[in-house]
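Trainee: Could you take me closely through one part of this model, the packing of a pair of helices and what lies around them?

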Amino acid sequence: LAAAPEVSAFSSSFHPSCRYIPSSLARTLLPLRTHRAAHIRTLAIMQDGTSSTAGSEGSRDKNYLFIYGSLMAKEVMYGLINRFPVCQPAILSGYHRYCLPCRPYPGIKERQSSSVKGLIVSDLSEVESQILDYFEGDEYKKCLLPVQVARDPVETQGPGLLPMDTNMLSEDTVIVNAYVYTGNDEVYGTWHIEDFLRSNILGDYIADSSFVREEFLKDNPQGHSTW
């Protein structure tokens, strides 16, 4: 992919013909498929009435998960797994964090001479991993990738990120799972966590994450016993 111009996620990632609708409201507006992807986090409803949904595919060969987008927001993660995991800062090289059209969240794709700062979650349970897979949807593929452990925290202007421990992992490089965007929409620009944390849809997004957890546990009652 060619070098992308620096574009702030919330200055232009929402097309004027789109609006964010939480899944908890969207299910009353559109018939939902029985596939688990039917309940996940967002729908971008176009003015002409068309919609897009996301689903999920994943691998859990490793317990480490590299997160780089909305999952870094502590209240979003809490809504999904009911806790604030302590994370190790890390850098993924050879990938870029792009904006997605009509989405408040990003997707990473390969791009030479680029890198993505994010966080490693190292202690997810099996059920927690399944909930995050459910949340991410089928436009993302869970891939095993090498990341460099960072000794400086991910910095933002203001609070809102998950707690960090820069010495949680002793290794310099680790293999992690990461959600790589494989959808058909054209990516562009650069997504910034600061814009997401300042956005006026954050409250709805946090509520939606709790809704996703409830929907997952409803569809997978065995998860309650190990929660």
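**A helix pair and its surroundings**

Mentor: The axes of α4 and α6 (lines fitted to C-alpha atoms over the stretch in contact, with angles from 0 to 180 degrees between N-to-C directions) come within 10 Å of each other and cross at roughly 115°. The helices named here are DSSP runs of H or I with at least four residues, and the strands are E runs of at least two, numbered from the N terminus. This is a predicted model, in which local features need pLDDT of at least 70 and side-chain atom pairs count only at pLDDT 80 or more, while totals for chains, interfaces and linings use all residues. Residues are numbered from 1 along each chain as its sequence is written, and side-chain values use heavy atoms, leaving out hydrogens and water.

Contact, meaning heavy atoms within 4.5 Å, is made by Val127, Gln130, Ile131, Tyr134 and Phe135 of α4 with Tyr205, Val212, Arg213, Glu215, Phe216 and Asp219 of α6. By class, these residues divide into 7 nonpolar, 1 polar and 3 charged, where Ala, Val, Leu, Ile, Met, Phe, Trp, Tyr, Cys and Pro count as nonpolar, Asp, Glu, Lys and Arg as charged, and the others, Gly among them, as polar.

Within α3 (residues 74-81), Val76, Met77, Gly79, Leu80 and Ile81 are buried, that is, under 20% relative accessible area with a 1.4 Å probe and protein chains only. After α3 comes asparagine 82, with a positive phi near 65°. Met77 is also among the contacts of isoleucine 67, which, leaving aside neighbours within four places in sequence, include Met72, Gly118, Leu119, Val121 and Leu162.

Technical notes:
Buried means under 20% relative accessible area, exposed over 50%, partly exposed in between (1.4 Å probe, protein chains only).
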